[in-house]
Amino acid sequence: KQWYQRRVAITAGITNNLRMYPSLGSMVESEEERVVKLGRKPLVPPLSYHWALKIGEKWYEIAPMKETRDGNKIDTNFGKVAASTAGTFGWSVVGETQKTDKEIDEWNKDWLAEHPEYYLLTENCQKYVFELMKWVTDNNYHSDLMLDSGNVDTTGDKYFVNDGFVVETDGTKIASYTVGHSHDSVGPLNVITTVGEFTTEVNKSVAGPGLGVFVDATVAEAEFSAGNLVGASVGLSADTGIGVRGGNFEAHVLGFGFEVGADGVQVDTPVIGARICCNIL
């Protein structure tokens, strides 16, 4: 009995230490839900951004170009922002996951084996982050960011998600449900299709997800873009909300509205929308 009590005490002590020092989390494997966030770093805004993904307390990103001359490398770190400083000016919650650190490490090894070399327009940070986000959330993610460049092919993946998530963390509350979606790109050319997506988001941290209240309601939509240079959308949506998120100020009422900021200027109606690059940062 005394041996059992000591074992319980030791286990409790380890658990408390892990809560106090998240960096120790890589030493254990857990299937608890962890929040997934996407952070960006402006390179040539609004044309080019570096992407990084935060899973729980740990950031994942492709190393800087000067470190990838001999092949792609994945950098990781713990902290409020990624080692590259991606996330300094905010981030967005894109989903949650039960994948363990070991599973993520194995996936990273496979990804590097399939994409050993860095190529600016095809095998880059955005491709890595998008594919990691899609895999780690089991395709149950919420993000409408266009890739500046990168080859992504989801044609062979399951289209219908019929799932959602609810997250409250670090100044944001988000509830999202998606029937189906896809995102394919070749270099800077993007095609996103969405069916039945409903998301409510309340943000209270300018240095985090932003500040405002948003309701994204899409019956069906197809979006096309050449990076952030120019883009268009067609479908049926009733987005409503006002505030700042993702580095952009936006205001919409039942699908009518606009967005301006880090990703240029966008004007929307319930059936069509258009975006154009405009560096106002």
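Predicted model: local features only at pLDDT ≥ 70, side-chain atom pairs only at ≥ 80, totals over all residues.
How many bridges join strand S3 to S4, and which way do the two strands run? I looked this up before anything else. Five bridges join S3 (residues 58–62) to S4, and the two run antiparallel. Strands here are DSSP runs of E with at least two residues, helices are runs of H or I with at least four, and both are numbered from the N terminus. Two strands pair if DSSP finds at least two bridges between them.

Residues are numbered from 1 along each chain as its sequence is written, and side-chain values use heavy atoms, with hydrogens and water left out.

**Entry: the sheet**

I followed S3 and S4 out into their sheet. It is an open sheet of five strands in the order S4-S3-S2-S1-S5, with antiparallel pairing. At the edges I found S4 (74–78) and S5 (91–97), each pairing on one side only. On average, neighbouring strands of this sheet are turned by 25 degrees against each other, direction ignored. Axes are lines fitted to C-alpha atoms, for helices over the stretch in contact, and angles run from 0 to 180 degrees between N-to-C directions.

Which strands does helix H2 lie across? I found that H2 (residues 101–114) lies across S1 (34–44), S2 (48–55), S3 and S4, and runs at about 0 degrees to S3. Helix H3 (residues 125–136) lies across S1, S2, S3, S4 and S5, at about 30 degrees to S2. Contact means heavy atoms within 4.5 Å.

**Entry: salt bridges**

Side chains of opposite charge can pair when their charged atoms come close. I counted a salt bridge when a side-chain nitrogen of Lys or Arg is within 4 Å of a carboxyl oxygen of Asp or Glu. By this rule I get 13 salt bridges.

Asp 101 and Arg 34 meet in one of them, at 2.9 Å, N to O. Asp 101 lies in helix H2 and Arg 34 in strand S1, so this pair ties together parts that are 67 residues apart in sequence. Are they buried or exposed? Asp 101 is buried at 8% relative accessible area, and Arg 34 is buried at 15%. (Buried means under 20% relative accessible area, exposed over 50%, partly exposed in between, with a 1.4 Å probe and protein chains only.)

Next I looked at Lys 134 and Asp 157, which also meet at 2.9 Å, N to O. Lys 134 is in helix H3 and Asp 157 in the loop between H3 and strand S6 (160–169), 23 residues apart. Lys 134 is buried at 13%, whereas Asp 157 is partly exposed at 38%.

Then I got to Glu 201 and Arg 245, a salt bridge at 2.8 Å, N to O. Glu 201 lies in strand S8 (residues 189–205) and Arg 245 in strand S11 (residues 240–245), so the pair ties together parts 44 residues apart in sequence. Both Glu 201 and Arg 245 are buried. They belong to a network of salt bridges that links Glu 201, Asp 216, Arg 245 and Glu 250.

**Entry: rings**

I paired rings of Phe, Tyr and Trp (its six-membered ring) if their centres lie within 6.5 Å; planes under 30 degrees apart count as stacked, over 60 as edge-to-face and the rest as tilted. My search of the whole structure turned up six aromatic pairs. In one of them, Tyr 159 and Phe 160 sit edge-to-face, 5.2 Å centre to centre with 85 degrees between the planes. Tyr 159 is partly exposed at 25%, and so is Phe 160 at 49%.

Why is the pair of Phe 249 and Phe 258 called tilted? Their centres are 5.9 Å apart and their planes at 50 degrees, so the pair is tilted. I also noted one aromatic cluster, formed by Trp 107, Trp 111, Tyr 128 and Trp 135.

Last, I looked for charges over rings (NZ of Lys or CZ of Arg within 6 Å of the ring centre and within 35 degrees of the ring normal). The charged end of Lys 37 sits over the ring of Trp 91, 4.0 Å from its centre. Lys 99 lies over the face of Trp 135, 4.9 Å from the ring centre.
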